[in-house]
Structures are given as C-alpha cells and as structure tokens.
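Below are my notes on the model, as numbered points. Please read them with the structure open.

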Amino acid sequence: MSTELRKRVTLDNNAHRKAEAAATEVGASLNVYASAAVEYFATRGLDPRETEAREGQLIMQQIKKLGDRVFGFMQEQERTLLTAMLEEMLRTRITLERVLRLNEILVGNLNAQLETLSEAQLQRQQQALQLLRQRNEDAVEKQVREALEAARKEGPGQRSKPAETAAGQEQ
C-alpha cells in the first residue's frame, strides 16, 4: 500500500471524459495521467487555460536555451581561437611595419653606396638582387603551401589517425 496521501479533485464531465480517453491512449491510469499533467504545468509555470500563450512560452524557453548555448559557444571561441588569431595577426602586422622601416633605412644606405659603383658592378648587383628576390618568393610560396597543407590535415572536422589515437590512449 502506498504511503502517499491522496487528494480528490473534481472534474466536469467533459474534462473527465477527455482525461480518461487520453490516459487510455497512452496506457496510463487516470490518476497517473492527471498527476503527470499537473506536474507538467506546475513545473513549467504554465497556465493550462491559455493554450496559445503556453505554446509561445515553451517556444520562447527553448529559444532562450538555444541562444544561451550559442552565446556560450561564441564566448568560448573568442577566448580560445579568436584571441589567438588576433594575437598572431597583430604580431605579424607589427613585425611587417618594423621590417618595412628597416628596409627604408637599408635602401637609403644602399643607394648611397650604389652611386660609387661602376656600370659593370651595378649590373652584377642587380642580377644578384633579382636572384635573391626569386629565392625569397620561392621560399615564401613553399612555406604557405606547407602551412595550408598542415591546416587541411589537422584542421577542424579532420579526424586524427587511428594509430595516433591508440598511442595517445596508452600514455
């Protein structure tokens, strides 16, 4: 015998008929069905007399929960990924500006020295400069390809190799 206290609630005939039919449809007794229905509305703070408002409230609650999750995800991305990207971008920009200023100084000094060279010496210097530029451009292209290739292999949505996963679990 249950130790729960039982209370009685009076329903009008129409509500009683609908409740019995609904309880039978889900395979529950009228007592269990009515208790669950009351619990449902009470837990959510809903007024069962307002069917349109109830649906809207449920939808708004779900939207709020989803919005909170999305906002939390965005904050986490900002704290981890985006902050690191910003830091690297700033470092690159500052380095580039410093290198450009240094280049201006070097070009000024080089121009002063080039004025003292003969035509043949000047031609050799221009050829050496062109060779140096080409090597530099090739090295930059190679580094860009390697970085993009590594990002594609290890980037978002990529799975690590099973051997790496198993080795990581053994440690």
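How many helices and strands does the chain have? The chain has 5 helices and 0 strands, where helices (H or I, at least four residues) and strands (E, at least two) are DSSP runs numbered from the N terminus.

1. Basis. This is a predicted model, in which local features need pLDDT of at least 70 and side-chain atom pairs count only at pLDDT 80 or more, while totals for chains, interfaces and linings use all residues. Residues are numbered from 1 along each chain as its sequence is written, and side-chain values use heavy atoms, with hydrogens and water left out.

2. Along the sequence the pattern reads α-α-α-α-α. Of the chain's 171 residues, 5% count as buried; buried means under 20% relative accessible area, exposed over 50%, and partly exposed in between (1.4 Å probe, protein chains only). The chain exposes about 16200 Å², and carbon and sulfur atoms supply 56% of that area (Shrake-Rupley method, 1.4 Å probe).

3. Helix α1, length and ends. The 14 residues of α1 (residues 13-26) should span 20 Å at 1.5 Å a residue, and the end C-alpha atoms are 20 Å apart, which agrees. The expected span is 1.5 Å times one less than the number of residues. Asp-12 caps the N-terminal end of α1, with a side-chain oxygen 3.2 Å from the backbone nitrogen of Asn-14. After α1 comes Gly-27, whose phi is positive, near 75°.

4. Ala-19, Ala-22 and Ala-23 are buried in α1. They cover an arc of only 100° around the axis, which puts them on the same side of α1; the arc is that of the directions from the helix axis to the C-beta atoms. Asn-13, Arg-17, Thr-24 and Glu-25, on the other side of α1, are exposed. The cover over the buried residues of α1 includes α2 (30-44).

5. The whole structure holds 5 salt bridges, each a side-chain nitrogen of Lys or Arg within 4 Å of a carboxyl oxygen of Asp or Glu. Lys-64 pairs with Asp-68, the closest N and O atoms being 3.1 Å apart. These two are 4 residues apart in α3 (residues 51-114), so about one helical turn separates them. Lys-64 is exposed at 55%, whereas Asp-68 is partly exposed at 44%. Glu-97 and Arg-93 also form a salt bridge (3.1 Å, N to O).

6. Glu-146 and Lys-142 form a salt bridge, with closest N and O atoms 4.0 Å apart. Both lie in α4 (residues 119-154), 4 residues apart. Salt bridges that share partners join Glu-87, Glu-88 and Arg-91 into one network.

Technical notes
Contact = heavy atoms within 4.5 Å. Polar contact = N/O pair within 3.5 Å; in protein donor to acceptor, adjacent residues only side chain to side chain.
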